[in-house]
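Subject: Structure for you to look at

Hi,

I promised to pass this structure on to you, and here it is. Have a look at it first, and then read my notes below.

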Amino acid sequence: MKSGLSASITPSSIQMKRKKQWSKLIPYLFVAPWIIGFVVFTLGPLLFSFVISFFDWPIVGEKKFIGFSNYITMFTDDPMFWHSLWVTVKFALFFVPLNIILALLLAILLNQKVKGSSLFRTFFYVPSVISGVALAMIWGSVFDGEYGILNYLLSLIGIEGPNWLNSTSWALVAMVIASLWGQGTLMLIFLAGLKNIPQDLYEAAEIDGAGKIFQFFKITVPLLSPTILFNLIMTIIGAFQQLTLALVLTGGGPLQSTYFYAMYVYENAFKYFKMGYSSANAWIMFLIVLALTLLVFKSSSTWVYYENEVKNDK
Amino acid sequence: MKGKKRLQKSFVYGLLIALSLLFLLPFFWMVMTSLKGPEELAQYPPKLFPSEWHFENFAKAWNSQPFNVFLVNSLIVTALTTIGQIISSTLVAYGFARFKFKGRDVLFIILLATMMIPWDVTMIPQYMEFNLFGWINTLKALIIPSWFGSAFYIFLLRQFIMSIPKELDEAARIDGANVFQIYYKIYLPLVWPVIVLIAVFNILGSWNDYLGPLIFLNDQSKYTLTLGLAQFKGVHDVNTNGIMAVTFLISIVPLVLFFLAQKKIVEGVQTTGLK
Amino acid sequence: MKKRKMWFSLLIAVVVLVMSACSSNNSSGDAKKDGKTVLRFATWDTGDTLKIQQDIAKAFEKENKDVKVQVEAYGDGFDQKIAASFGAKNPPDVMYMWDFTTYNQSLEPLDGYVQKDPDIKMDDFYEGLFNYSKVDGKLYGMPAGFSTMVVYYNKKLFDQYQIPYPKEGWTWDEFKEIAKKLTDKSKKQYGFAVTSEPDTYDLQGLVWSNGGSFISDDGKKIDGAMNSPETVEALQMYGDMVKDGIAVSTGGKNQQSASEIFKANKLGMLINGIWPIQGYKDAKVDFGTAMIPSFGSKPVKGLISSSSISIAKDSKQKDLAWKFVKFYSSEQAIKMRTADLPVRRSIVEETKVSEDPLYKPFYTMLENATNTPAFLLNKNWNEINRNLSAAINAVMLGQDGKPLFDKAVKESEKYLDK
């Protein structure tokens, strides 16, 4: 900006100035709806829950300030905290990679030129359409140790299935299996991402003599990487928030073997009426997931390829 | 060569069919259960098909409570939230994807972070807030927040927009288009398939939302379908036939919508192949 | 110019949205609807029992034409919704209630109302029921419904195996014999069902009948009660029945419940309250009910599961709420509630329900229900119960009880004198 040249403020330079100021505002205007919504609907409750985590609040009683007590108790005097965290991590370790690989494979399968792919797409998506409670009930009857279809089918091939939901070793496995059925959303996103990759890249590679596997790793994966990043983050977040299925299917059991951290937070609030403690739990979970996500994001600069995005433009 | 291709194709078909059966199984079980009588729920060996087809279970379940009212409420909420999300999320995603501005990365991290907050903890303070606004027991509590964008959709859209080459922007700008015109005329059509995707997700999410209506609605005349479903699952007993029947009826709408929409998504993405 | 158009149309859309939302809904917090006063009444009932609630509401509206009773049915989301409502200080006026030790600070004491309204005839109620809604001597709820636990048995299966029907005074040893005869694993048919993750509340009757208890009568000690040989023995018996294969383990919240297996005629006997009785009749099961068996010569003790209705302290129309509570407790309303056992003696005498062979065992068990449940004896029972529950669940899955209960006692000591 030229300074001190009041004599040469021509109409066009004023216009330029205005345009520049206006163009600086534009991005904020676009993002404004979310910012407003965030401040009004999320920030307030967030701050409230943060403040409350320093109180003892039995929901139907009075709030009592207790400083860091909740946080200290969580880490030193509450084995359930560590246990539920461990259950969640165990679950995530299996669920996250399996879910992503499964969704990707299904998307690739659906991407093939076959007739009726739209029908198949719908079939794969169906479990995601059924609402939580009913789905959990269906799984309950599928996994039932005595009368369930799964064990029945297994018995037909000579295997005596475990009493899934009553077994401390198998209940979590059942949860992973049941959760994998809901991969529909991820699959769709992968499919959209796959379709976004121009066909001629594959054709060119074919002409150059590259095999399918080579094409997959050198073309598909890199171009799909923004989508993979998205799905990876979403699945990690989802794994840590796993609640409804556990609540309705196993109640966290047997013997707390499916007691997810989200359930720990929930029960502390609504079963034991310790809203302050529950808020503290929630904030810790938030920090953990945030840390994980940032880690994934940081690593993404090495393996995610945004077409047409130069590094220093990030 | 042709033989190899045919083998490949039949392999793919076989896999697709087998997997379809697998994924359809829970749904199929649900439909069969809704047609069974109460005495057939614990059969062994498990019977897939009911011995008597109780088609009246559907009418019985639907008429046991004012489900028609619930249906209307669900339709209103789902339609309005979806429109709201599409408008707001695309605007915000465009802002994050295409501009460099102060605080952009920090805001984006905050955006992502909001997805990680478990709802139980913000539920009660949100309730208190909505109570102040006078939104409790109205559909406003469920609808209005969705007009301000949702982190999930914004994130998804942003990823897609970022994969669109910037040359398009520059070309348009040379032609004299301003920012909004670029947004409206160029980007929206390009990400249209993703918008349809988001619409599908939101319709499903809103249609199946249970916690929101449970906490924010009191009066039966405002209930949505999923809350109506709670009528079948009591503290002491569960009406399994009823739940399965109603769930089946409820899932018809999103299923049909999905089937119609997913063609658009996939075909759309393909034809707008970014060259 | 496009830009302005966009913002403009967006603005219009928002305005339209807000206007439509405004007009199609009455604003909340208004106690008036169509000129009538709205009374909020929350219940956990579902299905047919919910219909009964709605009928009672309508009957009340008939006698009070300027009132609309808003029946709020939350099914099994009840606890969560009530907690949220109280937490946000926006509770329903009247609600079903059982957890008085937690909620009593937010409830309106009813003693004053009762004294002013003698025609509610308090002595017509079974007095034991009032124990369940009194905290520190103050009454917080009027009994709405109750049940005791009995044994349901499948007559068809008994006839098939030529087993005589249970008689009053039968013992657990006889019970186990019968269960063994009725079990046929190849057909997935069992004599009895044990929940793998039971509500500890439901097991108190069993424990009392063996002379044990979860907590001392003054609520101050658990060592010697929770881990006493009598308590452990009673609970271990259930776990052993599963281990011996004569009882099927029904577990979790959504697997085939014992009721469903009973309805499929694959279960010889099960223990439950009155709630599923209509369901069994609808499924056309040929069944009978009997008293719970005894441990040898020890007296059988019954357990009352009681629910009451209460008024919120923050309600803005407490007099109207009381009017409804009174109506709900009147003979007329009680007669309408066919799915519950009547809480008034006069109704029982009038309908002779206690003489119906299906319902008689419930009343016999009621007469033997003289113990006070643990949750009413100690303010921190919720926390203590966590450890107890873990121990019991492990026993039901086949583990050895004594060390588990000792552990539960040790871990719960800290909650005793808070």
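Predicted model: local features only at pLDDT ≥ 70, side-chain atom pairs only at ≥ 80, totals over all residues.

Let me start with the core. The largest nonpolar core holds 285 residues. Those with the most contacts inside it are I154(B) and L156(B) from chain B, together with F192(C), A193(C), A247(C) and F324(C) from chain C. As for where this core draws its largest share, that is helix α3 of chain B (residues 67–98), which gives 11 residues.

Next, the contact between chains A and B. Here 82 residues of chain B meet 75 residues of chain A. On the chain B side, several helices each supply at least two residues, among them α1 (2–35), α7 (151–162) and α10 (192–207). The largest share of that side comes from α13(B), with 16 residues. By type, the residues of chain B that touch chain A divide into 58 nonpolar, 17 polar and seven charged.

Now to the domains. In chain B, the assignment gives domain 1 (21–54) and domain 2 (63–271). Their C-alpha centres are 33 Å apart, and the contact takes seven residues from domain 1 of chain B and six residues from domain 2 of chain B. On the domain 1 side of that contact you will find four nonpolar residues, two polar and one charged.

Chain C is also assigned two domains, each written as two segments: domain 1 is 35–146 + 305–367, and domain 2 is 150–303 + 379–415. The C-alpha centres of these two domains of chain C lie 29 Å apart. Their contact takes 12 residues from domain 1 of chain C and 11 residues from domain 2 of chain C. Helix α15 of chain C (residues 360–367) gives the largest share of the domain 1 side, five residues. That side of domain 1 of chain C divides into seven nonpolar, three polar and two charged residues.

Three strands form an open sheet in the order β11-β8-β12, with antiparallel pairing.

Strand β8 of chain C (residues 150–154) is joined to β11(C) by four bridges. V150(C) has N272(C) as its bridge partner in β11(C), while Y152(C) stands opposite L270(C). Is β11(C) covered on one face or both? Both faces are covered: M269(C) and I271(C) on one side are buried, and so are L270(C) and N272(C) on the other.

Enjoy exploring, and do write back with any thoughts.

Best wishes

How values were computed
Residues numbered from 1 in each chain as written. Chains lettered and ligands numbered in written order. Core = buried A, V, L, I, M, F, W, Y, C linked by C-beta atoms within 7 Å. Buried ≥ 20, exposed ≤ 12 C-beta atoms within 10 Å, placed from the backbone. Contact = placed C-beta atoms within 7 Å. Nonpolar A, V, L, I, M, F, W, Y, C, P; charged D, E, K, R; others polar. Domains from an automatic or database assignment. Pairing = 2+ DSSP bridges.
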